Amino acid sequence: GWGFRVFPVDRKERAATHGASYTYQQFKGVAFVKGEDDAHEVDANDVKQGGLGDCYFMAGIAAVARTDPHRIRSMIETNADGTFSVYLWKHNYQWEEEVMATVIVVDDQFPTTFGTSPAYGKFGDSGTQDGAPVRELWPMILEKAYAKHKKGFKTIEGGWASTAMSFFSGEDSVKDHRPAELSEDRLRAILGSAAKNGHPVTFGVPKRAPELGLVGNHYYFFAGVDEKGNAKLL
C-alpha cells in the first residue's frame, strides 16, 4: 500500500465565502521553488490552507510532499503559454471502471478578496529566476486543478483525504484506519510501518482536543515521531 487516511472527518467544515467580493486575479509565479532550508523544491512546508474548507486536500498533498516529493513534481508540467498541465488519476469505485489518467490544464488566475493575495491556497516559497523575484504556486495549482475536476471550488469543501490522495496514484492502495478502535501498540505499529516505508499519512480529527492542541473537524498530516515517541501532527 502507498497511502493511509486515519479516521474520516465529518463533512461540516467551515464554509468559505463565495460572493461578489471574490474575484479572480493573475498571480504570476512558477510551479516550483526550492526554499533555502528545503531538501527538495517540493516540501510539505509549501502547503498553506486559505479560506476554503479543504483541509483534507491540503493535508493530503502535504503528506505526499513530505514522503514522495518527486511524485508531485512529476504531476505538474509548465506549458509554453504560461498555463500548467496537471496529471491526475481518476478512480471510479462505484462502477469499478478502469483507473484512467487525466490531464487538467489551469492558468495562474486564482480567487482573491483584496487583490493582493490568494483567498484559498497560498504561495509556497519565494525565490528568484533570471534575477527577478518569483513565487511558488504548486499547492495552488493542484488545488485549482482538483476544483476544476470537481466543477468548482465550492464543491471541494469537506471531504476525505484518501479520496484526494488517490488522485496522485494509479494504484488502488489507500488504507483506512480508525484509531479509536485500535490498541496503542497496533497504532504505533501502523505509523512505524508507514514511516519506515515512506507512506503518506493523514489524520482526521472529529472533535476538538485542547489538551493536545488539536482543532476539531480538521485534517492533519503525520510528520514523524519526536524524541519522546509521540506522533507529530501538522
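## Salt bridges

Asp68 and Arg71 pair up through their side chains in a salt bridge, 3.0 Å from N to O; the term covers a side-chain nitrogen of Lys or Arg within 4 Å of a carboxyl oxygen of Asp or Glu. Asp68 is partly exposed at 25% relative accessibility, on a scale where buried is under 20% relative accessible area, exposed is over 50% and partly exposed is in between (1.4 Å probe, protein chains only). All of this comes from a predicted model, where local features need pLDDT of at least 70 and side-chain atom pairs need 80 or more, while totals for chains, interfaces and linings use all residues. Residues are numbered from 1 along each chain as its sequence is written, and side-chain values use heavy atoms, with hydrogens and water left out.

The whole structure has 4 salt bridges. Another of them links Glu41 to Arg73, with the closest N and O atoms 2.5 Å apart. Glu41 sits in the loop between E2 and H1 and Arg73 in helix H2, so this pair ties together parts that are 32 residues apart in sequence. Both ends are partly exposed: Glu41 has a relative accessible area of 23%, and Arg73 has 32%.

Then there's Asp107 with Lys144, again with closest N and O atoms 2.5 Å apart. Asp107 belongs to the loop between strand E5 (100-106) and strand E6 (109-112), and Lys144 to helix H3, so the pair ties together parts 37 residues apart in sequence. Here the two ends fall into separate classes: Asp107 is partly exposed at 31%, whereas Lys144 is buried at 12%.

## Overall layout

The protein chain has 5 helices and 12 strands, which are DSSP runs numbered from the N terminus (helices H or I with at least four residues, strands E with at least two). Of its 234 residues, 47% count as buried. Contact here means heavy atoms within 4.5 Å; among contacts between residues at least 6 apart in sequence, 67% join residues at least 24 apart.

## Helix H1 and the cores

H1 has 13 residues and runs 18 Å from first C-alpha to last, close to the expected 18 Å at 1.5 Å a residue; that expectation is 1.5 Å times one less than the number of residues. Since 11 of the 13 residues are buried, H1 is largely enclosed by the rest of the structure. The buried ones include Cys55, Tyr56, Phe57 and Met58. Among the elements covering them are helix H2 (69-73), helix H3 (138-149), helix H4 (161-166), strand E10 (201-205) and strand E11 (218-225).

The largest nonpolar core has 47 residues, and Ile72, Ile76, Trp138, Ile141 and Leu142 touch the most other members. A core in this sense is a set of buried Ala, Val, Leu, Ile, Met, Phe, Trp, Tyr and Cys residues joined through side-chain atoms within 4.5 Å. H1 gives the most to this core, with 10 residues. A second, separate core of 5 residues includes Leu191, Ala194, Phe203 and Phe222.

Asp46 is in the loop between strand E2 (23-26) and helix H1 (55-67). Asp46 is buried but has no salt bridge, the nearest side chain of opposite charge being Lys48 at 5.7 Å; for charge, Lys and Arg count as positive and Asp and Glu as negative, with His and the chain ends not counted. What Asp46 does have is a 2.9 Å polar contact with the side chain of Trp138. That term means a pair of N or O atoms within 3.5 Å; within protein, one must be able to donate a hydrogen and the other to accept it, and residues adjacent in sequence count only if both atoms are side-chain atoms.

Glu143, in helix H3, is likewise buried with no salt bridge, and its nearest side chain of opposite charge, Lys122, is 8.6 Å away. A polar atom of the Glu143 side chain lies 2.8 Å from the backbone nitrogen of Gly121. Beyond four places in sequence, Glu143 also touches Phe57 and Met58, among others.

## Ala44 against H1

Ala44 lies in the loop between E2 and H1 and is buried at 13% relative accessibility. Apart from neighbours within four places in sequence, Ala44 contacts Ala62, Ala65, Arg66 and Phe221.
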